[in-house]
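Dear colleague,

Please find below the structure that I am handing over to you.

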Amino acid sequence: MAAAGAFGDCEIVEATSFGAIFLGQKGPLIRYDDIDLSRMPDILLVPNLDTGNVLVKLDFFLPVHRRSLVVTSKGPFLIPSRSDFCDSILGEIAMGVVVAERMKGGIWS
């Protein structure tokens, strides 16, 4: 959808490490001060739940607002973390409702 322009002007960045996301191809991420927050993606898609579980920890040391969602063919599936704050859990529920309604309405089919 992004490549087709459905999200407007956006860039798809394929990366296999935090360094590739935050530093480009300059090398490994060694210090917090090296993080370029302007490179923070709006959406991070991960191939599996284990990878996503590592990424959700970003909100503990970066100024981000995370919403996690697993999408199946039947609809969204929410897995809040035990360490999530109330506003994060409510935000995830709200996002799940929106995604479920869009899937039900055929927007993504």
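In the protein chain, 35% of the contacts with a separation of 6 or more are between residues 24 or more positions apart, a contact being heavy atoms within 4.5 Å. This is a predicted model, in which local features need pLDDT of at least 70, side-chain atom pairs count only at pLDDT 80 or more, and totals for chains, interfaces and linings use all residues. Residues are numbered from 1 along each chain as its sequence is written, and side-chain values use heavy atoms, with hydrogens and water left out.

The protein chain has three helices and two strands, in the order α-α-β-β-α. Helices (H or I, at least four residues) and strands (E, at least two) are DSSP runs, numbered from the N terminus.

Of the 109 residues in the protein chain, 20% are buried. Buried means under 20% relative accessible area, exposed over 50%, and partly exposed in between (1.4 Å probe, protein chains only).

The structure holds one salt bridge, defined as a side-chain nitrogen of Lys or Arg within 4 Å of a carboxyl oxygen of Asp or Glu. The side chains of lysine 104 and glutamate 101 form it, at 3.5 Å from N to O. These two residues are three apart in helix α3, and so about one helical turn separates them. Lysine 104 is exposed, with a relative accessible area of 67%, whereas glutamate 101 is partly exposed at 46%.

Isoleucine 79 lies in the loop between β2 (75-77) and α3 (86-104). Its relative accessible area is 42%, which makes isoleucine 79 partly exposed.

Yours sincerely
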